[in-house]
Amino acid sequence: MLEKEKKLLSLEKQINDLGDSSTIEKLKNEIASFKETEMSQLSAWDKVLLARHPQRPKACDFIEYLFKDFIELHGDRLFRDDPSIIGGIGTLDGIAFTIIAQQKGSTTEENIIRNFAMPHPEGYRKALRLMKQAEKFHRPIISFIDTPGAYPGIGAEERGQGQAIANNLLEMSQLNVPIITIVIGEGGSGGALAIGVANKMLMLENAIFSILSPEGYASILWKDSNKAPLAAEEMKLTAKDLKDFNIIDEIIKEPIGGAHQEKMTVFEKTKKAIIKAYTELSQLSGPDLSYQRNTKIRSFGFLQRFNYDNLGGFKNDLYKNIRNR
C-alpha cells in the first residue's frame with residue numbers, strides 16, 4: 001500500500017472516530033486537499049504499488065461486470081487446464097467476444113491456486129486454442145493483462161514455455177479478427193506479450209507494462225533490488241510513458257487513489273473504451289486487421305545513429321576489440 005494511501009485512510013478513520021464532532025468539516029476539507037495535491041501527483045513507483053494493490057479489481061471482476069453471460073472454457077487439449085488464465089465466450093452490447101484473461105487471486109490461497117497469475121505453457125496454449133476458435137467463428141478477441149510474468153519453473157520450461165510464448169506471438173500476428181488488449185494491473189515481460197499482440201492496446205491509468213519488474217531491473221543493473229523505485233522511473237513503464245511512445249492507444253482514467261476506490265466507474269470507462277475500439281476495428285477486413293496489427297508493432301521504437309567520434313580515447317579500444325573478435 002502507498003504511504004500516501006495510509007495517510008488518507010488515517011484521516012478517514014479520524015472522521016469515523018469523531019462522529020458528529022465539529023472538526024469533521026475541517027477534516028473533510030483536509031482530505032479533499034490531500035487527494036488533490038498528493039494522491040493526484042504519483043511517482044512511477046507509486047503506480048507500481050497501485051498496479052499491485054491487493055484490492056485492485058482483478059480480471060474476473062471485469063469479466064463479471066462486462067460479460068453477464070460469460071461461459072468459461074477449459075484446457076489446452078495437450079496437458080491440462082491452467083487456472084492462471086481464464087478463457088471463454090461472452091457478449092457485450094450484443095456482440096459476442098472471445099475473452100482471454102490473466103487472473104490474480106484476492107487471497108493467499110486463491111493466489112496459490114492461480115499461481116499468482118503467472119501462466120504455464122499450457123495456459124498460453126489454451127489461450128491460443130480459444131483465439132483460433134474465435135477466428136474460425138469470426139469473433140473479436142479481448143485480452144486482459146495482469147501478470148508479473150510467465151512462470152519460470154522447471155516444469156514450465158520442460159513443457160516449452162519459451163516456445164509457447166513465441167508461438168502465440170506468431171499466431172496472434174496473423175489472426176484475421178479484431179484483437180483488443182487491456183492492461184489492468186501488471187504487464188510483465190513475455191508473460192504479458194503472449195496475449196498482447198493487439199490491434200488496439202488500452203491501459204488503465206495506474207497499470208504498468210514493462211520487460212520485467214523494477215526489482216529485477218534494479219538487481220541486474222545495480223545489484224540492489226532496493227533501488228526498485230529508481231528503476232521504475234528509468235524504465236518508463238507507466239501508461240503516460242507508453243502513450244508518449246505510441247505503444248498503447250488509449251489511457252483509461254482511474255479515480256484519485258486508484259481503480260479500487262471506485263470499481264464500477266472503472267468498469268464503465270473500460271466498457272466504453274472497448275466499444276469505441278471495436279467500432280473502429282470492425283470497419284477493417286480480416287487481412288487489413290492483420291496488416292494493421294503488424295504495422296503497428298513494427299513502428300515501435302526509433303533508430304538512433306551512433307556517433308563513434310564522441311567516444312574519445314575509448315574508440316580505438318572498441319575498434320581493437322571488434323577486430324580481435
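I'll start with helix α6, residues 121-136, and helix α8, residues 161-174: their axes come within 9 Å and cross at roughly 15°. Axes here are lines fitted to C-alpha atoms over the stretch in contact, with angles from 0 to 180 degrees between N-to-C directions. Helices are DSSP runs of H or I, at least four residues, numbered from the N terminus. That angle makes α6 roughly parallel to α8, a label for angles under 35 degrees.

This is a predicted model; local features need pLDDT of at least 70, side-chain atom pairs count only at pLDDT 80 or more, and totals for chains, interfaces and linings use all residues. Residues are numbered from 1 along each chain as its sequence is written, and side-chain values use heavy atoms, with hydrogens and water left out.

Now the aromatics. The whole structure holds 6 aromatic pairs, counted when ring centres of Phe, Tyr or Trp (its six-membered ring) lie within 6.5 Å; planes under 30 degrees apart are stacked, over 60 edge-to-face, the rest tilted. Tyr 65 and Phe 267 form a tilted pair, 5.1 Å centre to centre with 35° between the planes. Tyr 65 lies in α4 (residues 59-66) and Phe 267 in α13 (residues 263-281), so the pair ties together parts 202 residues apart in sequence.

Are these two buried or partly exposed? Tyr 65, at 23% relative accessibility, is partly exposed; Phe 267, at 4%, is buried. Buried means under 20% relative accessible area, exposed over 50%, partly exposed in between (1.4 Å probe, protein chains only).

How values were computed: Helix = DSSP H or I, 4+ residues; strand = E, 2+ residues; numbered from the N terminus. Parallel < 35°, antiparallel > 145°, perpendicular 65-115°, else oblique.
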